[in-house]
Amino acid sequence: MILLNNMTILIVDDNPLNVDLLAKVLKKRNYKVRIADSGERALKQISLQPPDLVLMDVMMPGVDGFEACRRLKSNPATADIPVIFITALSDMKDMLKGFQVGGADFLTKPFQAEEVLARVKAHLTIRKLLNDLSAKNEKLEKALEEVKTLQGIVPICSMCKKIRDDSGFWQQVEMYINKHVGTKFSHSYCPDCLEKEMKKLDKL
């Protein structure tokens, strides 16, 4: 069973009566409710603290619901927040526009409380499932990276510094690197080794 308690819903509507009714209905199902009375205030709220879902009126002064939704969907940080339009507009072209700007669903006023709750539950469930899947994918990718790291550990002899390849054969470091990377080596002395060799020659 998927628990949706305490998920946050932002109601965006400039009509206080609609806001009060929606808030009461949602709070009875233990949803957290936030309110914005304009598209501008909704965008500011969402940028500071994204909700899990937005119930958006369309006909508001200034930035209307369609434009507010379009801006949300154009921002990668807020694009995955589902927006359900609740509006008095019922024409098919208005519904199509709502979906074109990124709306997830469309309800007409006057709305029925049970229908609102059903749509909200459906879209919150989808959102939670997607978030859970994303989190599991991140864990899986991290686990795969750890496996790759473990597979990339190369056994090297602590005495002669030879490397054991995948077939169990021990070979010089330069041979192993040349085989796996293609790098060719030229041999010389580092200053410390050169000094040691010179001291050996002086003793002869």
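**Notebook: salt bridges**

I searched the whole structure, a predicted model, and found 10 salt bridges. I picked a few of them to look up one by one.

**Entry: D52 and R127**

I started with D52, which forms a salt bridge with R127; their closest N and O atoms are 3.8 Å apart. I then checked where the partners sit. D52 is in the loop between α2 (39-48) and β3 (53-56), while R127 belongs to helix α5 (residues 113-151). This pair links distant parts of the chain, 75 residues apart. Are the two residues buried or exposed? I found that both D52 and R127 are buried.

**Entry: K109 and D57**

Next I looked up K109, whose salt bridge partner is D57, with 3.3 Å between the closest N and O atoms. Here, too, distant parts of the chain are linked: K109 lies in the loop between β5 (105-108) and α5, and D57 in the loop between β3 and α3 (65-74). I noted that they are 52 residues apart. D57 counts as buried because its relative accessibility is 5%, under the 20% cut-off. K109 is partly exposed, at 22% relative accessible area. I also noticed a network of salt bridges that links D13, D57 and K109.

**Entry: R71 and E67**

My last stop was helix α3, where both R71 and E67 lie. How far apart are they along the helix? They are four residues apart, about one turn. R71 forms a salt bridge with E67, and the closest N and O atoms are 2.9 Å apart. I wrote down that R71 is partly exposed, with a relative accessible area of 37%. E67 counts as partly exposed as well, at 24%.

Technical notes. Residues are numbered from 1 along each chain as its sequence is written. This is a predicted model: local features need pLDDT of at least 70, side-chain atom pairs count only at pLDDT 80 or more; totals for chains, interfaces and linings use all residues. Side-chain values use heavy atoms; hydrogens and water are left out. A salt bridge is a side-chain nitrogen of Lys or Arg within 4 Å of a carboxyl oxygen of Asp or Glu. Helices (H or I, at least four residues) and strands (E, at least two) are DSSP runs, numbered from the N terminus. Buried means under 20% relative accessible area, exposed over 50%, partly exposed in between (1.4 Å probe, protein chains only).
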